Amino acid sequence: MNSWNSTYPRPSLKRDNNWIILNDGWLLNGKNITLPFPPESELSLFDGILDDGRGNGTFTYTRKFVIPDEAASCIEAGGHLLLHIGAVDQTCIVYADDDEVARSELGYFSIHADITKQAERALKDGKKELFLRVQGEDKLDHTKPWGKQKVDRGGMWYTPVSGIWQSVWCEWVSAEYIRGITYKVDAEPSSGKATVRFELDATPASVKARLMLPEGVYEFTFAGNSHELDLSSIVINGKKHAVQFWSAENPFLYTVEFEYGTDHVLSYFAVRTVSIGEDKGLKRIQINGKSVFLKGVLDQGYFHDGIFTPKSPDEYTKDIIRMKELGFNTLRKHIKVEPEIFYYECDRLGMYVLQDMINNGEYHFWKDTALATAGLKLDDRGRYPDAGKARWFMESAKKTQDFLFNRPCVVGYTVFNEGWGQTDSDAVGDELKERDSSRFYDYTSGWFAQKHSDVESLHVYFRTKKLKALGLPLLLSEFGGFTREVEGHIWNTEHSYGYGKCEDEKTLTDKIISTYEKMVLPAIPRGLCGAIYTQVSDIEDEINGFYTYDRQVCKVDKERISLFMKKLYI
């Protein structure tokens with residue numbers, strides 16, 4: 001059973017009963033395919049041909065869609081039929097009965113289309129059926145964000161994906177409905193005060209809201225598309241509400257229900273602050289006004305059978321729990337934006353996320369890796385003058401910010417990873433931080449540091465290094481990557497990749513703990529605020545994960561690692 005077919009794709013704005021998943025019944029270039037898995041994956045069951053072997057692929061997805069009776073009644077009463085496609089790599093145009101209804105040129109973000117007109121026409125003609133078509137191409141255009149996909153995969157480059165790789169679904173809504181909600185929280189952790197401003201993508205005359213609190217349900221109404229609520233002043237049954245601040249240790253989510261006419265949505269928000277503060281003479285990353293140590297793991301979001309898409313959304317939950325069991329509180333989501341369900345699970349379970357923007361531009365080993373590894377510092381102003389590249393990077397980065405704005409788990413952003421595509425990082429980072437100042441920003445993770453980043457960010461492989469902050473909070477944003485082969489759980493038996501070989505569980509565990517003892521622990525009193533170990537799981541040739549690529553084997557002694565992680569605190 002495809003469990004994606006029973007999972008509501010948008011936990012932050014949930015409606016009951018009036019939605020349907022459309023992952024079944026698709027043809028790709030005339031052959032059957034199972035969604036939401038990319039055609040290059042085992043789980044897609046696709047046996048056709050997409051491209052010429054050099055990443056120049058074209059695709060046409062087709063499906064008949066029978067309009068449900070409830071949707072037809074909604075449309076006849078003046079409502080809307082909305083089509084959502086989670087993500088399509090890399091560019092596409094969406095059609096309903098040969099009418100263009102949407103297009104996308106970025107491969108990591110949701111596509112939305114109002115197909116009410118096409119449905120009305122079909123119903124008027126006595127039909128209850130629409131013909132959906134998603135037509136596009138994937139040339140692995142490097143001017144657009146492309147992540148770690150490469151036709152000539154190997155080493156740190158992985159099998160490329162094409163086409164639809166997230167769920168397709170429809171919902172039907174009333175004539176007037178809530179299209180989105182933005183939560184703007186203003187909090188003072190030291191005083192326990194907090195206000196939240198609801199901004200609705202709608203202009204209702206009246207909205208009824210119910211806020212679920214430990215003390216009971218607080219009901220309120222407001223008119224217009226915004227309302228500010230002082231959480232600190234709420235009194236229920238004579239008891240004043242004590243504001244709950246979200247953190248990895250206390251992942252408290254405020255659940256709120258909105259009623260706008262006949263539209264009912266269930267949503268959530270959290271109270272959480274991120275700041276750079278001084279603690280005992282050192283600059284520290286602080287959550288809710290308290291210094292934290294980000295015990296992190298690099299998370300690239302690849303799966304052995306689905307590549308970009310796990311077999312089940314439960315696999316996101318399992319990965320988060322696996323890392324929490326090892327004692328970690330942070331995932332660095334590396335050069336990939338996931339479906340919303342991943343971030344919801346981090347919100348719900350309590351896992352900090354450092355979100356990378358998705359790199360674009362060409363990668364050059366000597367220019368982007370070797371020079372920085374040798375310690376060369378470059379002025380990156382105008383380093384990549386291609387206006388097209390810059391435009392696509394900023395559009396993707398801003399979409400990432402907008403998509404993740406309400407997610408409390410996202411506490412920081414990586415703007416550029418290493419030297420790959422890095423250009424004008426101070427200007428780019430400043431622009432992004434001005435749009436959303438509720439997180440900290442690592443402008444240049446690991447490589448050509450400039451002047452404006454919120455943190456000093458280092459990558460250290462193949463060795464240990466004495467670390468000391470030089471004014472800014474220090475983040476060891478990548479290190480480790482030690483390898484261990486587990487017989488029967490190797491994706492590529494011919495080639496392997498990583499940063500130091502270990503023969504068995506004990507050797508790998510010893511090596512990891514020793515590296516933390518030599519490089520991480522001594523640096524915490526000197527301003528180190530976080531350390532990101534590479535990585536959650538093996539990926540194709542890379543065998544440097546805590547888990548094998550199929551997640552069947554934990555390659556370290558879990559008890560020893562989790563006990564040691566308790567030593568990492570500020």
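Author: Let us start with a definition: buried means under 20% relative accessible area, exposed means over 50%, and partly exposed lies in between (1.4 Å probe, protein chains only). This is a predicted model, where local features need pLDDT of at least 70, side-chain atom pairs count only at pLDDT 80 or more, and totals for chains, interfaces and linings use all residues. Residues are numbered from 1 along each chain as its sequence is written, and side-chain values use heavy atoms, with hydrogens and water left out.

Reader: Thanks! Why is Glu 257 called partly exposed?

Author: Its relative accessible area is 25%, which falls between 20% and 50%, so the middle class applies.

Reader: What makes Glu 257 and Arg 210 a salt bridge?

Author: The term asks for a side-chain nitrogen of Lys or Arg within 4 Å of a carboxyl oxygen of Asp or Glu. For Glu 257 and Arg 210 the N to O distance is 3.8 Å, and the pair therefore qualifies. Glu 257 lies in strand β20 and Arg 210 in strand β15, so the bridge ties together parts 47 residues apart in sequence. Strands here are DSSP runs (E, at least two residues), numbered from the N terminus.

Reader: Happy with that. How do you know that Lys 336 is buried?

Author: Lys 336 has 1% relative accessibility, and the limit is under 20%, so Lys 336 is buried. Its salt bridge partner is Glu 338, at 2.8 Å, N to O. Glu 338 is also buried, at 1%.

Reader: And which residue makes another salt bridge with Glu 338?

Author: That is Lys 333, at 2.8 Å, N to O; Lys 333 is buried as well.

Definitions and conventions. Helix = DSSP H or I, 4+ residues; strand = E, 2+ residues; numbered from the N terminus.
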